[in-house]
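Please keep the sequence and the coordinates in view while reading.

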Amino acid sequence: MRSVNKIALCLTLAAATLTATAQQQPKSPVTVITPPADSNEPHNWTTEQILTCTVSACWQLSGKNEENFFDIVQELAEISAHTRGLSLPDDAATGQRAGEYIKAKARSDHGQLLYAIVDASIRKVGTPNTAAGTK
């Protein structure tokens, strides 16, 4: 889970930049958002919704809130990595690359599915799980 937390930091930065752009307001300070993996706090969305939402629709679902939007991005990253049998590297530079990719793609097309963007990023940085390394 540590690798997810490191990539989460980079995705936080990407999400903050994206949301600031979407709001057309100055970027606010960013903090690391790493909710516990077993968090059962209710959301305004379902997994099915965020898998089929565009960047703009996910922003609306988040209540136009950076923390909530990042929670969506993080949930999508975990779904992608799990579905594809990938582990996320425990490397800040790799996480930064992933976050930059997500930010650039989301910024260029707000009508694109957010999951598609996150999934493409995870495929670029993830490494295949090995038999010994799988959960």
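A search of the whole structure, which is a predicted model, finds three salt bridges. The chain as a whole contains six helices and two strands, which follow one another along the sequence in the pattern α-α-α-α-β-α-α-β.

**Salt bridges**

- Arg84 and Asp119 form a salt bridge in which the closest N and O atoms are 2.7 Å apart; because Arg84 sits in the loop between helix 4 (66-83) and strand 1 (86-87) while Asp119 belongs to helix 6 (residues 114-125), the pair ties together parts that are 35 residues apart in sequence.
- Arg123 counts as partly exposed, at 45% relative accessibility, and salt bridges with shared partners join Arg84, Asp119 and Arg123 into one network.
- Glu100 and Lys103 meet through their side chains in a salt bridge with an N to O distance of 3.1 Å, and they are separated by about one helical turn because they are three residues apart in helix 5 (residues 92-108).
- Within this pair, Glu100 is partly exposed, its relative accessible area being 39%, whereas Lys103 is buried, with a value of 15%.

**Helix 5**

- Helix 5 has 17 residues and reaches 24 Å from its first C-alpha to its last, which is close to the 24 Å expected at 1.5 Å a residue.

**Cysteines**

- The structure holds zero disulfides; Cys53 is in no disulfide, and the nearest cysteine sulfur to its own, that of Cys58, is 4.2 Å away.
- Why does this pair not count as a disulfide? The sulfur atoms of Cys53 and Cys58 are 4.2 Å apart, and a disulfide is a pair of cysteine sulfur atoms within 2.5 Å.
- Cys53 counts as buried at 11% relative accessibility, and Cys58 is likewise buried, with a relative accessible area of 0%.

**Ser62 and its surroundings**

- Ser62 is found in the loop between helix 3 (55-61) and helix 4, where it is buried, with a relative accessible area of 1%.
- A polar atom of the Ser62 side chain lies 3.3 Å from the backbone nitrogen of Lys64.
- Leaving aside neighbours within four places in sequence, Ser62 is in contact with Trp45, Asn68, Phe69 and Ile72.

- Is Pro128 buried or exposed? Pro128, whose place is in strand 2 (residues 127-128), is exposed, with a relative accessible area of 62%.
- Not counting residues up to four places away in sequence, Pro128 touches Gly85 and Leu86.
- The C-alpha atoms of Pro128 and Ser87 are separated by 6.2 Å, although these residues are 41 residues apart along the chain.

**Whole chain and confidence**

- Buried residues make up 41% of the 135 residues in the chain.
- Of the contacts in the chain with a separation of 6 or more, 76% are accounted for by residues 24 or more positions apart.
- The chain averages a pLDDT of 76, and 66% of the residues score at least 70.
- Over residues 19-38 the pLDDT stays under 50, and for this stretch the model has 28 contacts beyond four places in sequence.
- Where pLDDT is low, the predicted coordinates should not be read in detail.

Definitions and conventions. Residues are numbered from 1 along each chain as its sequence is written. This is a predicted model: local features need pLDDT of at least 70, side-chain atom pairs count only at pLDDT 80 or more; totals for chains, interfaces and linings use all residues. Side-chain values use heavy atoms; hydrogens and water are left out. Helices (H or I, at least four residues) and strands (E, at least two) are DSSP runs, numbered from the N terminus. Buried means under 20% relative accessible area, exposed over 50%, partly exposed in between (1.4 Å probe, protein chains only). Contact means heavy atoms within 4.5 Å. A salt bridge is a side-chain nitrogen of Lys or Arg within 4 Å of a carboxyl oxygen of Asp or Glu. pLDDT is the predictor's confidence in each residue, from 0 to 100. The expected span of a helix is 1.5 Å times one less than its number of residues. A polar contact is a pair of N or O atoms within 3.5 Å; within protein, one must be able to donate a hydrogen and the other to accept it, and residues adjacent in sequence count only if both atoms are side-chain atoms.
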